[in-house]
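Student: I have a model open and want to learn how to read it. Where do we begin?

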Amino acid sequence: MEPRPQPGDSNAVGAWFLGPQGENTSALVTFLTSALNHHINGRRNYFPEDASSIPPQMQATDAFRGNMANLQALIDDLGPKLAEHGAPFWNPRYNAHMTMDTSLPGIVGYFTAMLSNPNNVAVEASPLTTVIETSVGKDLANLVGYNIDIAEGNPIGWGHITCDGSVANLESIWAARNLKFYPLSLRLAMKKELSFIAESFVVPTCTQLPDDGSEPKLLKDFTTWELLNITPSNILDIPTRLTDQYSITPQFLQDALKPYLAQTLGKDRLEKEYDIGSMAYFASAAMHYSWPKGMAITGIGSENMIAVNVDHSARMDPEDLRRRLQECLDAKDEQGNPCPRAVYAVMAIIGSTEHGACDPLKDILDIREEFRQKGLSFVVHADGAWGTYFTTVVPQDVLDASLKLSNEFSGSQSMSSNEYHKARHDNFVPTAPLKTKTIESIAHLRFCDSITVDPHKSGYIQYPAGGLLYRDQRMRYQVTWTSPIVYRNELESIGVYGVEGSKPGAAPVATWFSHQIIGLDTKGYGQLLGETLFSAVRMYAHLATMSTSTSEFIVRPLNLLPAEMHGTPEEIEAQKNLIREKVLSVSNRELVNDADTWKLVVDMGSDLSINAFAVNFKIGDTVNEDIVEANYLNKRIFEALSITDANSDRKPDLILTSTVLSHKSYGKCLTALKDRLGLKGDQDLYTLVNVVMSPWPTATGLTTSVAQSLQDTIIKEREVSVLRNMLTDDFHAFVLQGTDEMFAVHLAMFNLENHRMQLIITGTLSSDMKGTYTQARESNPDTVYLLVHDTATTLSKILAAKEFDARIEPFSPNGRQPPIAKGKITDVKVIVCKKLNSKYLTPYPTRSMPFALYGTDIQTHIDHVYTAFPNIHMSADQVTVDNLDNDWSRNPLLYIHLPLPESAMQPFPSNYDRATAATPFFFRAGATFKNVLISKDVEGRDVVVASTTVTLGKNIFVDTDMLNEDPELKENSEGELGKTTLAAPFYQLESFVGGTHQHHASRPTRAVHPKQHHVDYVNALKSKVNAGRVV
């Protein structure tokens, strides 16, 4: 094997991948051909005297050749389709999920092993690849600082490959759960099978240390609380101590404990036996979705997964963790008696998947020690699925220095900014260092009880390749029925540990190849990931400075600039200008040779190569404050810059992903981001995510190019937001109700400011209009008629003028109909006027469905109240209300509350789905509703009639499409964007009402599923193959 490249040799990185343009194709073909030839030789040399099973005469038959032709046809058809429509992970423009081009050694290793299809569930199915997986586990355990030298004694680190990080997380939860219950199971066994140890077997309590001079306590005398808080290391020592002290065989111990283990009884039986309440599991609010899922699977329950607050950079807040742990100690029962709550574990994230944030692991470990002294013990797990491989970025002496400094000073202090990588700054693509606090967290991984690591993330390995590491290999016995034997250096089946059964041996081989060729050190993965860190910071610099005070949009990364943490507005702007001048306008070489600016670069961005950010817009000089509208803009940006089924035929210049930050989970972190964006409210925020895994974009100027593409996309999509939210003159339509007195219900739209109003008015029709309309209603009692405004204006102007010119048209889902009358409406009065912007909306009613009730002594009408988005327009003309006596001149508006749980019914079906449903919609002509409450207020507190019956008349209007439709932006012939190019629902805009085009949003037609073209392709391909198949 050739000598490893020296630190600073970025050329080596080019040998580790096929390349964005397939630059290393010839090498890959050679490698794969060699692997295939070796495999074929192995087949031929295995009992070569055996007769051939597939002789030449078989290969010459039509049936054989036909099947081969079919296979070639599939390759030739599907191959180009995958290249055209698949996500281009291999391209530096792909900045979405945590995946890039998989490593060249990984491809070759996976292919080499895949040909043999080893199953690492058992040694006999994978004699060689089991050894390789064991070796990979040791390599990763050694990487994080676990002891792997048997001669040094326990704890001995151990690891294995899983299908992904979610399964690794699940296994860690399972192990922590079983570990917590192990002492309780042992105590039960001591009453029977293990009674002979009861009077002599002692164990240290949680508060005792090996050399503190205190006497250990008989396990049989432990209180339930003491049993629940034996430290993990002392629990794991128990089987070994029993063997050493009583000569108990592992098999006997296994048989004695089995009837009492949580594995056998289930945790509920043990909790009942010991009268234990629910225990807690703590994790950062930024936790991956697999954590609550794992809580559900293990029976702990997701409600017992307690989210700890995060700081402004989405890292766990240690003070909030301390507060919550103290609450566990101080808990009381319903009678006020002390009833402390036990804790399974605290999970620290080392590289959150949405922000690249590293929780302050040393602080968390210090807090564990603090609470151990108070009698509370728990496991600490690190979810390093993304971050573990970044350990390679830090030289060993720096890790050692971080540990030394962390031990010498308090948890609030850290080592100063380190420039350990300066020797590598002559690279065309420099490596960026980790932040000091991130180094500290990575250095303390060695003290975690278990760690999740994903080779298929920052290890650049093919799926599926997750992994789980144990600080003490004996902890793996908590998730198996194999006896916890004293460690022996012998080959064992890995499949007995963990969740999975059958598992591919190819995944650990791919990982092992990459580890051997690239290397788990600063020369290898450290060089690669250091370059990606620099690429991520470069992109962060673009994001942090993209918008200025004069921009019509605002871009804010989640992570603050150094000046934003404590500086004045002037200092912040000065730092942004410095970044524009000395970071974004210079070459990589110039940047790393500028010591002062480089120090700023080191302090910028997220902890680990992920930039989360959000965008807002301005209308003129006014910043949008509506979070819903900001979410809409960010979603459109994502859709424009992502590979989705709707746009997979085109190639975005930059590919991003997105996430929603929950206000409940992110608290002050999200509030700070909203403030910087100019947003107000407590809604969740839709954000964009830029994951940088390629080392190359800064070398070719691609980072600047994709940043410009992002800015161009923001500018374009902002135009839609402006058109949605800028109030302009427009045309308006109303559903007409009543024949004795005219009432008109506005056709509202949630997604256009011109129509964001639930409005019900009454007025006087000109005599000719009223006569024609009344006659038409008598002839067509179930036809809905619309009152359409003749001149573009705003609703507020209509209300101020109290009159307007209009025409009356019959409504048809097929489009515009000729008017039956034209004239003036005068004496306009408002019955209902409610803005539909998000800040005026409230949650859906949970126990009823409110309608506005209005009319005259002769005729009464109803219209559904919009409390939230999305919603449904339901109006009924001339309804019958029993037992209602109201003076409509004094009380022109009441509310009826149908006994229907609206929150359980939303969102309502589309017009098409409603029209084609097997059962009729509940709101239909002649429908009767009993037990209806009538009140003076929309909440139903000021009751007028406690219970009555309401029957709908013949004239019903129901719509979901127009009310909720999202307008689409289209370019005109000159490529410009404008008001009249905004495609909107029927009757809503001048472009329709003026007759320039036909747009029938309410026509009951089924929308094409976004994935349908892929489904059609696969079906067509199957038909093509079947048509040519030789039977």
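Tutor: Helices (H or I, at least four residues) and strands (E, at least two) are DSSP runs, numbered from the N terminus. The protein chain here has 32 helices and 29 strands. Two cautions apply. This is a predicted model, where local features need pLDDT of at least 70, side-chain atom pairs count only at pLDDT 80 or more, and totals for chains, interfaces and linings use all residues. Residues are numbered from 1 along each chain as its sequence is written, and side-chain values use heavy atoms, with hydrogens and water left out.

Student: What percentage of the residues of the protein chain count as buried?

Tutor: Buried means under 20% relative accessible area, exposed over 50%, partly exposed in between (1.4 Å probe, protein chains only). Of the 1031 residues, 54% count as buried. For contacts, the cut-off is heavy atoms within 4.5 Å. Take the contacts between residues at least 6 apart in sequence: 74% of them join residues at least 24 apart.

Student: How do I read a sheet? In what order do the strands of the open sheet with 7 strands run?

Tutor: Look for pairing: two strands pair if DSSP finds at least two bridges between them. The order is E1-E9-E8-E7-E6-E4-E5, with mixed pairing. Strand E1 (158-162) and strand E5 (305-308) are the edges, each pairing on one side only. From one strand to the next, the twist averages 20°. Strand E4 (residues 280-284) runs parallel to E5 over 4 bridges. Within that pair, Phe 282 has Ile 306 of E5 as its bridge partner.

Student: Which helix packs on the sheet, touching strand E6 and strand E7?

Tutor: Helix H14 (residues 361-372) does, touching strand E6 (343-349) and strand E7 (379-384). For directions, axes are lines fitted to C-alpha atoms, for helices over the stretch in contact, and angles run from 0 to 180 degrees between N-to-C directions. The direction of H14 makes about 170° with that of E7.

Student: How should I read side chains along one strand?

Tutor: In a regular strand the side chains alternate between the two faces of the sheet. Strand E15 is a case to look at: Ala 733, Val 735 and Gln 737 point one way, Phe 734 and Leu 736 the other way, and all are buried.

Student: Why is strand E15 largely enclosed by the rest of the structure?

Tutor: Because 5 of the 5 residues of E15 (residues 733-737) are buried. Now look at its partners. Strand E18 (residues 785-789) runs antiparallel to E15, joined by 3 bridges. There, Phe 734 has Leu 787 as its bridge partner. Strand E16 (residues 742-746) also pairs with E15 in the antiparallel sense, over 4 bridges. Gln 737 is bridged to Phe 743 in E16. E15 and E16 form a hairpin with 4 residues between them, and Gly 738 in the turn has a positive phi of about 85°.

Student: Now a single residue. Is Phe 613 buried or exposed?

Tutor: Phe 613, in strand E11, is buried, because its relative accessible area is 1%. Leaving aside neighbours within four places in sequence, its contacts include Leu 543, Val 555, Leu 656 and Leu 710. Phe 613 and Val 555 are 58 residues apart in sequence and 7.1 Å apart in space, C-alpha to C-alpha.
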